Amino acid sequence: METETQIFWLFILAIPIACISWTVTQEEIFREPREWCVNCSKNNKKILVRKFFYLFTCEYCFSHYITIFFICICNFKLLIDDARGYLIAGFSLVFLANIYMSLFALLRQTIKKEKVEIKKIENSDEL
């Protein structure tokens, strides 16, 4: 695969990785299972069980597993056509997906702040 095509795939594959990682670890739709995982990650006596359940609460940790899944189903390698290409692709995808998630978090925070400021202005105008 051409290097330009690989870079294109890198930026595109990072989008669903970021989306899935963010949704499972942050959004309301998965709140109950996530709370259960938080409880298991804090209260279980076995360290491996605690670490397993923690991965469903941390978008960075979870993105590694989603990346492995996408590398397997897409057979994506970066720069080198052997196992090293999978390794490079994996860490590159995790890095880029986490940049996407950070930008998304900043965007959501800015939008939420603006909504609060607008509401405050509307409330002061009503008085």
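Reader: Is Glu27 buried, partly exposed or exposed, and what is its relative accessible area?
Author: This is a predicted model, in which local features need pLDDT of at least 70, side-chain atom pairs count only at pLDDT 80 or more, and totals for chains, interfaces and linings use all residues. Residues are numbered from 1 along each chain as its sequence is written, and side-chain values use heavy atoms, with hydrogens and water left out. Buried means under 20% relative accessible area, exposed over 50%, and partly exposed in between, with a 1.4 Å probe and protein chains only. Glu27 is therefore partly exposed, with a relative accessible area of 21%.

Reader: With which residue does Glu27 form a salt bridge?
Author: A salt bridge here is a side-chain nitrogen of Lys or Arg within 4 Å of a carboxyl oxygen of Asp or Glu. For Glu27 the closest N and O atoms are 2.5 Å apart, and the partner is Arg108.

Reader: How many residues apart in sequence are the parts that this pair ties together?
Author: Helices are DSSP runs of H or I with at least four residues, strands are runs of E with at least two, and both are numbered from the N terminus. Glu27 lies in the loop between α1 (3-26) and α2, whereas Arg108 lies in helix α5. Arg108 counts as partly exposed at 36% relative accessibility. The pair therefore ties together parts whose separation in sequence is 81 residues.

Reader: How far from Arg34 is the nearest side chain of opposite charge?
Author: Arg34 is in helix α2 (residues 31-43). Charge is assigned by residue type: Lys and Arg count as positive, Asp and Glu as negative, and His and the chain ends are not counted. Arg34 is buried and has no salt bridge. The nearest side chain of opposite charge is that of Glu28, at 5.6 Å.

Reader: Which residues does Arg34 touch, leaving out those up to four places away in sequence?
Author: Contact means heavy atoms within 4.5 Å. With that rule, Arg34 touches Thr23, Val24, Thr25, Gln26, Glu27, Glu28, Phe56 and Thr57.

Reader: What is the angle between the planes of Phe52 and Phe56?
Author: Rings of Phe, Tyr and Trp (its six-membered ring) pair if their centres lie within 6.5 Å; planes under 30 degrees apart count as stacked, over 60 as edge-to-face and the rest as tilted. The count by this rule is 6 aromatic pairs. Phe52 and Phe56 form an edge-to-face pair, 5.4 Å centre to centre, with an angle between the planes of 80°.

Reader: Which residues do ring pairs link into a cluster?
Author: Two of the residues concerned are partly exposed: Phe52 has a relative accessible area of 45%, and Phe56 is at 25%. The cluster linked by ring pairs is Trp36, Phe52, Phe53, Phe56 and Phe62.

Reader: Which elements give two or more residues to the lining of the largest pocket?
Author: On a 1 Å grid over the protein atoms alone, a pocket is an open set of points where a 1.4 Å probe fits, with protein on both sides within 12 Å along at least five of seven lines; lining residues have an atom within 4 Å of a point. The lining of the largest pocket includes His64, Thr67, Ile71, Tyr86 and Gly90. The elements that give two or more residues are α4 (59-74) and α5 (83-126).

Reader: Which residues does Gly90 touch, not counting those up to four places away in sequence?
Author: Gly90 lies in helix α5 and is buried, with a relative accessible area of 13%. Its contacts under that rule are Thr67 and Ile71.

Reader: What is the phi of Leu79?
Author: Most residues other than glycine have a negative phi. Leu79 is in the loop between α4 and α5 and counts as exposed at 56% relative accessibility. Although Leu79 is not a glycine, its phi is positive, at about 75°.
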